[in-house]
Amino acid sequence: MTGFGQGGIMSGIKDKVVIITGASSGLGEATAHRLAQAGAKLVLAARREDRLKKQVDAIEQQGGTATYRVTDVTDKDQVQALAKVAKDTYGRIDVLINNAGLMPLSPLDQLKVDEWEKMVDVNIKGVLYGIAAVLPTMREQQSGHVINLSSVAGHVVFPAASVYCATKFAVKALSEGLRMESNGEIRVTNISPGAVDTELTGSITDTQTAEGVGELYSIAIDADAIARAIAFAIEQPEDVDVNEMIIRPTKQEL
């Protein structure tokens, strides 16, 4: 729903151009469908082209507007190309949702260095590449909104999650830094989900850690809970910046 906030400042989601990374499943997929229903113009990004095609088809069949670009967020050039598709197709970029992320948890003494590097590449560099790709356009427009998906693990450190927590603390720091440097032009929202029912836990290769996480995720909430929060942040009047949201299952203690 589009309307005017205090002082006549436009608010809403309709016709906003939104890039979503990690859009092939989970939070990205749920957010894409919710924003499409609200009238956003979407550019969906992920590595699995078959999933992206199905989503775009489903959105268009329901009267929504969407396109996609196969994108590996660890490749700076691919992320730049993604932003170019959005601007070339729709003429502007209103929102970037940095959603792509990995969570292969394990104790440090398991020395899963390759997994550490993947988390740094996707969870930190991927976010930075997204910001770098859209920031010039948003500066030119003197408007924009960057939404970064951090985690409860960006606020509290858990055993077997040291590296993952480090990456999500970094996302929180990047969000706050961008907000402070925005000159009142760019809104920044850091969203920290707790246990949510997605594919995120599927990358855990350490058996003991996977069992423990499985117990926690038995109370996981639906991905649409986060999609609703994202929609809430976007639809606020342009002079309202929702900076931080932590969203847990009611039964989750930490």
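Two strands count as paired if DSSP finds at least two bridges between them. Strand E3 (residues 17–20) and strand E4 (residues 41–46) pass that test in this predicted model. They pair in the parallel sense over 4 bridges. One of these contacts can be named: Ile20 has Leu44 in E4 as its bridge partner.

**The sheet**

E3 and E4 belong to an open sheet of 7 strands. The order across the sheet is E5-E4-E3-E6-E7-E8-E9, and the pairing is parallel. Which strands stand at the edges? They are strand E5 (65–70) and strand E9 (244–247). Each has a single partner strand, so one side of each is left without a neighbour in the sheet. On average, neighbouring strands are turned by 15 degrees against each other, direction ignored. In general, strands of a sheet pair through backbone hydrogen bonds.

**Helices on the sheet**

Helix H1 (residues 26–37) packs on the sheet. Helix H3 (residues 76–90) lies across some of its strands too. The table sets out both.

| Helix | Strands touched or crossed | Angle |
|---|---|---|
| H1 (residues 26–37) | E3, E4, E6 (95–98), E7 (144–149), E8 (186–193) | about 165 degrees with E3 |

**Helix against helix**

H3 also meets helix H4 (residues 113–141). Two packed helices are described by the angle between their axes and the distance between the axes. Here the axes come within 8 Å and cross at roughly 35 degrees. The crossing is right-handed. From H3, the residues in contact are Lys76, Val79, Gln80, Ala83 and Lys87. From H4, they are Tyr129, Gly130, Ala132, Ala133, Val134, Thr137 and Glu140. By class, this contact has 6 nonpolar, 3 polar and 3 charged residues.

**A histidine in strand E7**

Now look at His145, which lies in strand E7. Is His145 buried or exposed? Its relative accessibility is 2%. The cut-off for buried is under 20%, so His145 counts as buried.

What does the side chain of His145 touch through polar contacts? Another, of 2.8 Å, joins His145 to the side chain of Thr189.

Leave aside the neighbours of His145 within four places in sequence. His145 is then in contact with Asp94, Val95, Leu96, Met138, Ile186, Arg187, Val188, Thr189, Ala233 and Ile234.

Technical notes
Residues are numbered from 1 along each chain as its sequence is written. This is a predicted model: local features need pLDDT of at least 70, side-chain atom pairs count only at pLDDT 80 or more; totals for chains, interfaces and linings use all residues. Side-chain values use heavy atoms; hydrogens and water are left out. Helices (H or I, at least four residues) and strands (E, at least two) are DSSP runs, numbered from the N terminus. Axes are lines fitted to C-alpha atoms, for helices over the stretch in contact, and angles run from 0 to 180 degrees between N-to-C directions. Contact means heavy atoms within 4.5 Å. Buried means under 20% relative accessible area, exposed over 50%, partly exposed in between (1.4 Å probe, protein chains only). A polar contact is a pair of N or O atoms within 3.5 Å; within protein, one must be able to donate a hydrogen and the other to accept it, and residues adjacent in sequence count only if both atoms are side-chain atoms. A crossing is left-handed if the near helix is turned anticlockwise from the far one by less than a right angle, and right-handed if clockwise. Ala, Val, Leu, Ile, Met, Phe, Trp, Tyr, Cys and Pro count as nonpolar, Asp, Glu, Lys and Arg as charged, and the others, Gly among them, as polar.
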